[in-house]
Amino acid sequence: MLFNSYIFILLFFPIAVIGYFLINRTGKYKLADIFLIGMSLWFYGYFNPSYLLVITTSILLNYLLSKFMEGLEEGALKKLVLAIGITGNAVSIFYFKYYDFFIDNINRAFGSSFALKHVVLPLGISFFTFQQMSYLADSYKGDTRDYGFVEYALFVVFFPQLIAGPIVLHNETIPQFRIEENRYFNYDNAARGLYVFAVGLAKKVLIADTFSQAVGWGYGNIEAMTSMDALIVSVCYTLQMYFDFSGYCDMASGIGYMFNITLPQNFNSPYKATSIVDHWNRWHMSLTRFLRQYVYFPLGGSKKGKFRTYLNIMAVFTVSGIWHGANWTFIVWGMMHGLLNCLNRAGQKLWDKVHPWIQWFITFFCIDILFIVFRSDSLSQAWQIIKKIFVFTDPSITRGLVITFKLQEFITLEKIEFVAKVLGHLPYTWMFGFILMAFVIILRGKNMFETEFTGSKKQMLITVVLLTWGILSLSGVSEFLYFDF
């Protein structure tokens, strides 16, 4: 189910909130948790009920393994159980996400003809599997001994963060569900949650989905694109990716607040970063945290010399690339970010002497170019677009790209004679104005974790306007980009 859909906003969510708090008022807290688990499974299996078999089996097996491991003394057997659990989860992701990719590459390399399975990828498998892998690792340390099955299942399937994150740790949500006052409806948290949800909905529906039209046109007309078209489309995808994913996370956080649950921050204005290292401290922070804690540190982190540190960084970013999808584009994207991180760290003293605005421009440009690799269907397609940008031969802009920004709101404004007359002389106004607006938001605006919610009349008005505008714009419902990862 999508946050940006009528069935979620007008049916599912009201039932989930009202039902959860009404059951809690009876004092039957475990029943309330079971109700919320059931609603989360409905949310998850809405598009494809077969997904439910995958996630429920995963939850049951991981919980049983964690409990078995908790009963063991420190030693070889306990390590073996942990290894079995981690391997089992990794194999699950590999089968659903990478099996066909692996077989296809084997066939290409050796001329074999192994059959592809065309396995349907369950939504959010990378997210809920990573959460459970972290849980197993903490169970090995003895940090999860007092958790029951209902609490564990709710930790995994709590629907706001289930499909596209953030990747939540058990000690961030289970203790919050245990606080008795969180079991009762809180008007202040509900108002704050509605405000954050409205902002996230606007990011997704009004901004990201507009950029997606331009990106869709560009990648569907690569041959016809001019050099300027390619540059604009690349920037549009970079902006779309942020507003889409951070919009989802804002909506998830807003929903969490309405249940009196605070989810961890996943974005901290990443396009304000003035270095690649800084960018990754701000972008998809829960994934970065997971990879740092469960991959980088176990490999030795930065404690075994510079060469080993850089090798560990490359390993982490290669894993990050693989995590995102079964395509060489994701792997190359991850490795290039790893290389840039290493270069950034190695040349930090020199980098610090560069003017901050130049630092920002170079950082954003690198992120933008690498997102071309990330978005492309193949490395050859990515190279085709990048080549158009760097061999800048045609500064004209194709009309097909421009009209993707002709929103219904803009068409309505153009009915005003004065506006139509002015725009007749400025044909690119809506496109460049929209892009400029996006940059103003990401560079000058505060993110939701920086914004203090006071319940002021201004914030109430923003909530009403954005929520109404967003809901009225839901006719063209679209999935979130990270549903594929």
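Student: Which residues line the second largest cavity?
Tutor: The lining is made by Arg192, Tyr195, Val196, Met448, Thr451, Glu452, Phe453 and Gln459. This is a predicted model, in which local features need pLDDT of at least 70, side-chain atom pairs count only at pLDDT 80 or more, and totals for chains, interfaces and linings use all residues. Residues are numbered from 1 along each chain as its sequence is written, and side-chain values use heavy atoms, with hydrogens and water left out.

Student: What counts as a cavity, and as a lining residue?
Tutor: On a 1 Å grid over the protein atoms alone, a cavity is a set of points where a 1.4 Å probe fits but cannot get out, and lining residues have an atom within 4 Å of a point. A volume is the space filled by probe spheres set on the points, which are joined across faces, edges and corners.

Student: How much space lies in the second largest cavity?
Tutor: About 50 Å³.

Student: Which helix gives the most to its lining?
Tutor: Helix 9 (residues 187-220) does, with 3 residues. Helices are DSSP runs (H or I, at least four residues), numbered from the N terminus.

Student: Lys203 and Asp250 both line the largest cavity. What do their side chains form?
Tutor: They meet in a salt bridge at 2.7 Å, N to O. The pair links distant parts of the chain, with Lys203 in helix 9 and Asp250 in helix 10, 47 residues apart. A salt bridge is a side-chain nitrogen of Lys or Arg within 4 Å of a carboxyl oxygen of Asp or Glu.

Student: Are those two buried or exposed?
Tutor: Both Lys203 and Asp250 are buried. Buried means under 20% relative accessible area, exposed over 50%, and partly exposed in between (1.4 Å probe, protein chains only).

Student: What about Lys204 and Asp244?
Tutor: Their side chains also meet in a salt bridge, 2.7 Å from N to O. Lys204 lies in helix 9 and Asp244 in helix 10, so this pair ties together parts that are 40 residues apart in sequence.

Student: How many salt bridges does the structure hold?
Tutor: It holds 11. One of them joins Glu70 and Lys67 at 3.2 Å, N to O. Both of these residues lie in helix 3 (residues 51-70), 3 residues apart, about one turn of the helix. Glu70 is buried, with a relative accessible area of 7%, whereas Lys67 is partly exposed at 26%.

Student: Changing topic, where is Phe47?
Tutor: Phe47 is in the loop between helix 2 (29-45) and helix 3. At 45% relative accessibility, Phe47 counts as partly exposed.

Technical notes:
On a 1 Å grid over the protein atoms alone, a cavity is a set of points where a 1.4 Å probe fits but cannot get out, and a pocket is an open set with protein on both sides within 12 Å along at least five of seven lines; lining residues have an atom within 4 Å of a point. Helices (H or I, at least four residues) and strands (E, at least two) are DSSP runs, numbered from the N terminus.
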